[in-house]
Structure formats: structure tokens, C-alpha cells
Amino acid sequence: MSKSIFQRPKGTADLLPDQTAQWQHVESVARLLFGDYNFKEVRTPIFENFDVFSRSAGDTSDVVTKEMYDFHDKGDRHVALRPEGTAGIVRAYVENKLFGPEFDKPYKVFYMGPMFRYERPQAGRFRQFHQIGVEAFGSNAPALDVEIIAMAVDFFKILGLKNLKVAINTLGDRESRDAYRQALIDYLTPHKAELSVDSQERLDKNPLRVLDSKDPRDQVFVADAPSILDYLSDEATTHWQQVKALLQALAIDFEIDTTMVRGLDYYNDTIFEIMTVDENLKGAATIAGGGRYSGLVSEFGGPETAGFGFGIGVERLINLLNAHDVAPKVNHDLDFYIVNIGIATDLVATQIVQSIRSFGYIAERDYLARSAKAQFKTADRQHAKYVVTIGEQELANHTAKIKNMTTGQQKLVKLADLYTDLPTIIDSEGDEQ
RNA sequence: GCGGUAGUGGUGAAGUGGUUAACACACUGGUUUGUGGAUCCAGCAUGCGAGGGUUCGAUCCCCUUCUACCGCCCCA
């Protein structure tokens, strides 16, 4: 009957205690593991000057042209909620001069938090979603590419995921990419009329995107399209070979997918995605994606600096964990529940519950002056291990009853003992069994 | 931005153009007045997403809108 007047904004979610426990687990695993790889956490603003994103993502990308959650603030500044993590990190890297000689290279950071994209919500797609991501600046080494991919694989493994596919590809350097782009245009243009309408447009704007098309009409041609691998420069080839060799050395299974491209324009050389092979989750199959980029730091006014990073979609990850039934079991059980009977016991009930909490136990009491039966029901529902009962009788005698809810045994203790020796009382109680 | 499906209480849901909107779960109270997972009893939607319209009358028909889910685009 009470119809709420307000609804959460489209494409957002409320995370309630059952879910936040799982989120905390995922986040703490990330902090721990990334720390092992010597990545440090950074926190940058959730909104930035609009140009930070448009500059980095490329003016033609969909993220910039139609998915930006942007607005003008009261000072008429054009700002946008961050659609991804990298741009803000790069901005901070340059603004704080983290490229300076006093900082070790590569400079390795991770972040986690909400991202925003103005688009239609659907499977695995939200307007506010969360990413856990990493960036490493200042090294071109293939070993860095591979270590970071290995870290992502490690992360999912620790969380209990199996059957993941690591897909990799290379976009080569600028020279390679330009050559390939031209080759692709030369190959596709004669067939332009036979392509899907979308791909005809892609051919003009961003030919590599045609490779990504799911339209059967396009896939016919994609199957026989030239491969980027045939257009790599010597340098790009060396990098690519080394990445593959290192992945094999670490026994990481991977698939080379030469049709894989990235949504943002700044990538070069190694790119990768980690996805589930579960057909039921195809709409949200990709849970992590990233790769090597260059030009971004200089674009923001810093020295030419290489970067490598990835982002993990937390909602998709958690969805996958639940689908594979590898979510950790959350325990909201109480250690103690304080049953208080009669208004006169209110004061001492508070003292008892506080005292129990001070020992580090999880304790709750009744605040509604409910019947003893009702209070016990609540204690039972919350799986309290022990119930402490205080009524008029006990109050007068400065005692309380402690009941072990699994054995049903109950004993009388002095309040003074309860306040000072509760752990001992519980231990000896256990010994009696 | 485009297309499809849906919207009944705290939850899962049944239902019909016409006096009191099933059932189940959950919850609250009771079942000798201070003790828990069982049984039994009782209570629990002036309301069927919101706003209009058609009609003597609409939760059920029509329109609009909002939201969710799914697909396209794109992406995590």
C-alpha cells in the first residue's frame, strides 16, 4: 500500500547487506592480490572535466559521442561522470608529475569504483556500474603485459572461477595499424554494398570495427579478411612474439583472436579480454578487458609514456560467481541475543549488550519490549549461539541467565562475572558438553 | 537512439469488465499471564506501477508515461 514516491535512477542498483558482503569479498581479494604484484591503490574523482574523457577516448568512439553522462555545473563547467577509469588516472599521473625521476617505473596503480555510461540498461549493462582496474606506466616490456594478464587470471582463479577464456590480439604500433587499416579498406570496399548497413558506416569511420560485427552478412567477409598479424612491423612482431612466449612460459592458456578490437581508440600492441565460455551469459560474457596504450600521457601534457591496463566489470564478475555458485557464504549470525523482560531491565540490558560487544562478540537485543517468546524467536531466527535473559527476578539478584541455543542448556551467572569473564564462562560452558 | 516482453500485498504469485482481489511464504499476536526451529488459531493489498480515456461500472479494454527484463548499437 505504501507506494514509494521515488525510484532509483534508471540503470542503477541498491546493494543490500546480502550483496555488499560479496562485494567486499571481491574487493578485498583484489586489494590483497594486486598488492602482491606491487600495485598501489589510487582514488581519483568520479567526475572530471568533459574534455578529459573526450580527449582520451577519441572523438568518434560511442562512449564519447552518445554514452557520456555529462552536464554543466553551476559554474557552467562542462563535466562528465567517468565512463571508465583510465582517463582520470592518466590525468592524475600527469598532474601529479608521477613520471618524475623519484618514482619507480613502471608506476603501478589500481582503482575500484563506480563508472557511468548513459545507455539503455540490459543484461550486464548498467548506467552506474563498477570496475576494478589497474594501470602501469613507463614500461614497454612485454613482461609487463604478461604479468598483468597473469594477475587478472590469478584474480579470477582465487575467486573460484573456472572455464574462462583468455583472448589476446595485437593491434601493432602506429605504423602497423595504419598499414593494416588500409589493407582492410582495400579488401572490404569492393564488397561494401553487401555489408550490413552498420558495417558500411564502420568502414568509413573505423574499419577495424567491422571485424567485430555479429551480423552474418559481415562475418562471411570477416572470415577471409586480411590478418593484422601479416602487417606488423618488426618491432611490433618482436613484442607480440615475446608476449606469447611469456604466456606459454607461465602456462596460461590463451586464444589468439585477430578479430578482437577495443572500444576505445587509444590501444596498441597487446590487447586482451577475459570472458566466460558459458553460453547463458553471452550478453555479459566479457568480464575483463584491457591492453597496451600509448600517446595518452602525452595527450595530457606529460612525456610520451607507455601504459598497460585493464578493467574488470564487477557486476558481471559477481553475476558469474553466482551463476557458477562459487560465491562465498555470508554469515550474519549472532553470537549473543539479550532477552530483556520488563521495562525495568532496559538499562541493564544495554549495559549487558555493550559489555558483550566489548569482548568482540556480535550481540543484539530487543528494543520493542516484546514478549520473551517473541524475543527468543528472533534470537533463533538470527542463529544466536547464546541468549542472555534478564528479567525482574535476575535484576533483583544481579544475575542473568545464559542459554546455549544449540544444547538448550541454561545457567545462572552473576552479572559481575558476565561483565568481566564472559569468554571464560562460555569456554567452561563448552567443556561441560 | 531503435525494437520486443512485462508491471497485482514484504515475497512468490492466481484472477475477473460488476457486491468481500485466491493460495502460499514471510511477518505480528495468541495457543495457561518470563524461553526458541513443530502444530493449530487470528491478523496482514480501501488496492492491482503512474496519469488520462472508453464504459452505467475497470485491476482486467485503449492511449501516454515510468520502471524492469531481453535484443540491436556499443561495451565492463
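How many of the 18 residues of helix 5 are buried?

## Helix 5

Of those 18 residues, 13 are buried (under 20% relative accessible area, with a 1.4 Å probe and protein chains only), so helix 5 is largely enclosed by the rest of the structure. This is a predicted model, where local features need pLDDT of at least 70 and side-chain atom pairs count only at pLDDT 80 or more, while totals for chains, interfaces and linings use all residues. Residues are numbered from 1 along each chain as its sequence is written, and side-chain values use heavy atoms, leaving out hydrogens and water.

Helix 5 takes in residues 142-159 (a helix here is a DSSP run of H or I, at least four residues, numbered from the N terminus).

## Helix 1 against helix 5

The axes of helix 1 and helix 5 (lines fitted to C-alpha atoms over the stretch in contact, with angles from 0 to 180 degrees between N-to-C directions) come within 10 Å and cross at roughly 135 degrees.

Helix 1 brings His25, Val26, Val29, Ala30, Leu33 and Phe34 to the contact (heavy atoms within 4.5 Å), and helix 5 brings Met151, Asp154, Phe155, Ile158 and Leu159.

## Helix 1 against helix 11

Helix 1 (residues 17-36) also meets helix 11 (residues 314-323), their axes coming within 11 Å and crossing at roughly 110 degrees. So helix 1 is roughly perpendicular to helix 11. Here Gln22, Trp23 and Val26 face Val314, Glu315, Leu317, Ile318, Leu321 and Asn322 of helix 11.

Definitions and conventions
Chains are lettered from A and ligands numbered from 1 in the order in which they are written. Helices (H or I, at least four residues) and strands (E, at least two) are DSSP runs, numbered from the N terminus. Angles under 35 degrees count as roughly parallel, over 145 as roughly antiparallel, 65 to 115 as roughly perpendicular and the rest as oblique. The expected span of a helix is 1.5 Å times one less than its number of residues. Buried means under 20% relative accessible area, exposed over 50%, partly exposed in between (1.4 Å probe, protein chains only).
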